[in-house]
Amino acid sequence: MVSAATALGFLVIITINTVITAVVIRFFRLRLSTKWGAVVYSLLLVPLVYVATTLLLSGAVGFGGTGLQDRNTALILIWVLPFTLGLSIDLFWMPPPEEIDLPKESREQQQSR
């Protein structure tokens with residue numbers, strides 16, 4: 001049975017990974033001019049960030065402990081769930097990048113590309 005501290009540790013890791021995913025995907029959608037560029041960078045770089053945060057939070061800090069013995073369940077909880085939550089936050093609850101007003105200097109840089 002999983003202890004309360006282990007469950008709370010997993011919730012902390014899930015929350016941090018979800019926030020990281022939402023911010024990184026939003027950043028790529030705003031800064032990159034092509035839609036595929038944002039998709040490719042998100043699919044390649046978010047898992048790399050997950051490796052760092054998971055190693056830091058579950059290893060050095062000790063969140064999550066040894067609560068789950070099944071590796072597949074742990075990967076789904078720590079990687080798949082936060083990625084889908086972060087993606088849905090960016091796609092469904094944030095305004096599209098086309099509706100965001102950028103500062104004048106940034107707008108000129110985007111148009112020159």
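The legends below describe several close-up views of a predicted protein model.

Residues are numbered from 1 along each chain as its sequence is written, and side-chain values use heavy atoms, with hydrogens and water left out. In this predicted model, local features need pLDDT of at least 70 and side-chain atom pairs count only at pLDDT 80 or more, while totals for chains, interfaces and linings use all residues.

**View 1. The protein has four helices and zero strands.**
Helices (H or I, at least four residues) and strands (E, at least two) are DSSP runs, numbered from the N terminus, and along the sequence they give the pattern α-α-α-α. Of the 113 residues in the protein, 27% are buried, where buried means under 20% relative accessible area, exposed means over 50%, and partly exposed lies in between (1.4 Å probe, protein chains only).

**View 2. Helix H1 (residues 4-31) crosses helix H3 (residues 71-93) at roughly 45 degrees.**
Two packed helices are described by the angle between their axes and the distance between the axes. The axes of H1 and H3 come within 7 Å; such axes are lines fitted to C-alpha atoms over the stretch in contact, and angles run from 0 to 180 degrees between N-to-C directions. H1 and H3 are therefore oblique to each other, given that angles under 35 degrees count as roughly parallel, over 145 as roughly antiparallel, 65 to 115 as roughly perpendicular and the rest as oblique. Residues in the contact (heavy atoms within 4.5 Å) include Phe 10, Ile 14 and Ile 25 of H1, and Leu 77, Leu 81 and Phe 83 of H3.

**View 3. Arg 26 forms a salt bridge with Asp 90.**
Side chains of opposite charge can pair when their charged atoms come close. A salt bridge is a side-chain nitrogen of Lys or Arg within 4 Å of a carboxyl oxygen of Asp or Glu, and here the closest N and O atoms are 3.2 Å apart. Arg 26 lies in helix H1 and Asp 90 in helix H3, so the pair ties together parts that are 64 residues apart in sequence. Arg 26 counts as buried at 10% relative accessibility, and Asp 90 is buried as well, with a relative accessible area of 1%.

**View 4. Asp 90 also meets Arg 29 in a salt bridge (2.9 Å, N to O).**
This pair links distant parts of the chain, with Asp 90 in helix H3 and Arg 29 in helix H1, 61 residues apart. Arg 29 counts as partly exposed, at 24% relative accessibility. Salt bridges that share partners join Arg 26, Arg 29 and Asp 90 into one network.
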